[in-house]
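The sequence and coordinates come first.

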Protein chains: 2
Amino acid sequence: MFENMGDLGKMLQGFEANAQKLKDELANKTFSVKSGGGMVELTLNGNGEVIDLNIDDELLEDKESLQILLIGAINDANKMVQQNQQQSALGMLGGMGGVK
Amino acid sequence: MFENMGDLGKMLQGFEANAQKLKDELANKTFSVKSGGGMVELTLNGNGEVIDLNIDDELLEDKESLQILLIGAINDANKMVQQNQQQSALGMLGGMGGVK
């Protein structure tokens, strides 16, 4: 599998450096998710941190709907971030030539 | 590293079975996060899915605070879920005896 453990060590070092680069790139990406026809808008970065949230004034008069729309927006946003993280990680491994 | 590729195959199969078991276990865990002294309460399962959200009526009169408290609760909850996932994954690898 590996000619010697030195090769494995080099591969792991390369992997760590690329993982940090990936995390930095993800921190600069933003994702916006809307629910309720835009009455709730949630913005996250690629690492899954919420950086903005906007709620339409009208929703403040209907707490039940507000809570449901928020739950939907958070779950949609987390899925989107996870899918992007997986694709980015696969892209990173592809760029490294993968595990030979 | 591995005596032959059959050993590696068996290890990967064991890893997949354990990862699925871990995911099932996490789905049954719940985490509750409060912000604003309990005015916002967010409940997630161990896979990071929001399963409940409760907002205090009083907060509906102060949208700015509501949005800030929600952002804080979502980010705190996501961190808690990630830390638990990492600990559970390490526990799983420990239980398997790790990579020998």
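**Salt bridges between the chains**

The model is predicted. Over all chains, the structure holds two salt bridges. One of them pairs A:D57 with B:K63, with the closest N and O atoms 2.9 Å apart. A:D57 is in the loop between β3 and α2 of chain A, while B:K63 is in helix α2 (residues 63-96) of chain B, so this pair joins two chains.

In another salt bridge, the side chains of A:K63 and B:D57 meet at 2.9 Å, N to O. This pair also crosses between chains: A:K63 belongs to helix α2 of chain A, and B:D57 to the loop between β3 (50-55) and α2 of chain B.

How exposed are these side chains to solvent? B:K63 counts as partly exposed, at 23% relative accessibility. A:K63 is partly exposed as well, with a relative accessible area of 24%. B:D57 is again partly exposed, at 49%. These values fall in the class between under 20% (buried) and over 50% (exposed).

| Residue | Relative accessible area | Class |
|---|---|---|
| B:K63 | 23% | partly exposed |
| A:K63 | 24% | partly exposed |
| B:D57 | 49% | partly exposed |
| A:F15 | 37% | partly exposed |
| A:E61 | 73% | exposed |
| B:S35 | 11% | buried |

**Surface patches on chain A**

Which residues gather in a patch of negative charge on the surface? They are A:D56, A:E58, A:E61, A:D62 and A:E64. Within this group, A:E61 sits in the loop between β3 (50-55) and α2 (63-95) of chain A. Its relative accessibility is 73%, so A:E61 counts as exposed, the cut-off for that class being over 50%.

A:F15 is part of helix α1 (residues 5-27) of chain A. With a relative accessible area of 37%, A:F15 is partly exposed.

**A buried serine in chain B**

B:S35 is found in strand β1 (residues 30-35) of chain B. Is B:S35 buried or exposed? Its relative accessible area is 11%, so B:S35 is buried, as the class requires a value under 20%. Leaving aside residues up to four places away in sequence, B:S35 touches B:V40, B:L69 and B:A73.

Conventions
Residues numbered from 1 in each chain as written. Chains lettered and ligands numbered in written order. Predicted model: local features only at pLDDT ≥ 70, side-chain atom pairs only at ≥ 80, totals over all residues. Heavy atoms only, no water. Patch = residues over 30% accessible without salt bridge, like charges linked within 9 Å, V, L, I, M, F, W, Y side chains within 5 Å. Areas by Shrake-Rupley, 256 points an atom, 1.4 Å probe, with all protein chains shown as cover. Salt bridge = Lys/Arg side-chain N within 4 Å of Asp/Glu carboxyl O. Lys, Arg positive; Asp, Glu negative; His and termini not counted. Charge placed at Lys NZ, Arg CZ, Asp CG, Glu CD. Helix = DSSP H or I, 4+ residues; strand = E, 2+ residues; numbered from the N terminus. Buried < 20%, exposed > 50% of the residue type's maximum accessible area, 1.4 Å probe, protein only. Contact = heavy atoms within 4.5 Å.
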